[in-house]
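Colleague: Can you walk me through this model? I am new to reading these.

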Amino acid sequence: MSNRYRLFLLTVIAVGLVIAVITATNLCTFGACNEVHKYHLFGISFTPIGIAFFILAGLFVSLVNRFPGAQLLFNLLLAGAGGAEINMILLQKNVIGAWCPLCLAAAIIVYMLILSQLARYFYSLKEEFQMNLKTFGKPLLLFVTALTGFTLTFSGMVKEEASAGQLNLYLGKQDSKLEVYFFSDWLCPFCAGVDTVMETAYPSLSKKARILFVNKIIHQESLNFVPYDLSFAANEKAKYMQLRKALFSVAQKTKNPSYDDIKAAITPLKVTYKQLSFLEVTQEMANSQKLAEQFKVASTPSLVIRNTKTNKMRTLVGNNQITQAIILKTVKELE
């Protein structure tokens with residue numbers, strides 16, 4: 001390996017190492033950064049794995065001219081990482097639904113190294129073209145290693161269980177087969193009245209069903225109330241129904257509430273508003289949109305009641321259908 005090419009590889013690896021170290025500082029708060037950090041490989045965080053990868057890669061490249069085996073070890077390391085990165089990219093695209101800039105940058109570095117090595121390999125074949133088993137032995141070994149890296153990450157990648165930093169917005173009986181989704185808009189003229197119905201039905205409903213109050217935005221100004229609602233659902237479950245009533249009372253007075261407006265409304269309930277991150281709010285809004293699309297909810301107020309085992313579902317729309325009697329009757333029918 002020429003000194004110039006080796007210096008090029010070491011420079012690219014150094015950039016990758018810097019990116020891996022930055023991920024350990026949790027400075028990235030964009031896109032899927034925080035969400036990706038919740039995933040582990042056989043219980044190990046991906047951050048130390050990334051740092052170890054780039055350190056080993058740099059070590060093998062540094063020793064390649066001294067120890068012939070270092071070249072093969074470097075290629076095997078790249079092949080395994082290349083297979084693993086496919087899973088990381090698919091995870092962000094299909095599961096998380098957002099991109100982590102640092103993760104993508106690390107993937108680009110890995111594939112730059114792979115392409116560089118492939119280009120060098122094929123150039124050497126052009127100079128010494130020998131069609132024999134030895135020629136195909138190393139490519140086959142690298143392919144098997146790449147497949148192994150893909151398989152290991154596919155089977156070993158697991159998300160951390162719910163922690164203090166992960167929102168749980170569900171109320172009621174958490175392990176129930178019955179799920180209740182109430183879609184409302186803070187400026188909907190009928191939603192406040194139906195929310196009172198939900199408050200009345202909640203004591204009975206919460207003993208039988210897992211309940212989620214979903215922000216279905218009809219009026220854009222309702223977005224001003226969403227961060228408060230999500231925070232209360234996550235952190236003040238015992239008083240959540242009362243806090244919803246307080247938010248609706250503010251919404252009837254102003255479409256653009258200040259923090260002082262909210263504070264004045266919730267002070268009698270003796271709770272403290274805990275601000276969520278921008279990422280948490282945007283992710284939950286995306287989840288709300290997905291639920292609305294899944295259940296084909298187009299208007300508010302709407303109530304969806306579903307049995308997850310039988311997959312039977314009923315949708316109630318408007319204040320004429322969403323009454324305490326109809327809600328409890330529907331729940332009994334779907335049990």
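This is a predicted model: local features need pLDDT of at least 70, side-chain atom pairs count only at pLDDT 80 or more; totals for chains, interfaces and linings use all residues.

Colleague: What order do the strands of the open sheet have?

Modeller: The five strands run E4-E6-E5-E7-E8, with mixed pairing. Strands are DSSP runs of E, at least two residues, and helices are runs of H or I, at least four, numbered from the N terminus. Two strands pair if DSSP finds at least two bridges between them.

Colleague: Which strands stand at the edges?

Modeller: E4 (171–172) and E8 (313–317) each have a single partner strand, so one side of each lacks a neighbour in the sheet.

Colleague: And how many bridges join E5 to E6?

Modeller: Seven, and the two strands run parallel. Ser184 stands opposite Asn215 in E6.

Colleague: Helices now. At what angle do H8 and H11 cross?

Modeller: Roughly 90 degrees, with axes coming within 10 Å. Axes are lines fitted to C-alpha atoms, for helices over the stretch in contact, and angles run from 0 to 180 degrees between N-to-C directions. Contact means heavy atoms within 4.5 Å.

Colleague: Which residues meet there?

Modeller: Val226, Pro227 and Leu230 in H8 meet Val281, Glu284 and Met285 in H11.

Colleague: What does H11 lie across?

Modeller: H11 lies across E5, E6 and E7 (302–307), at about 105 degrees to E6.

Terms used: Residues are numbered from 1 along each chain as its sequence is written. Side-chain values use heavy atoms; hydrogens and water are left out.
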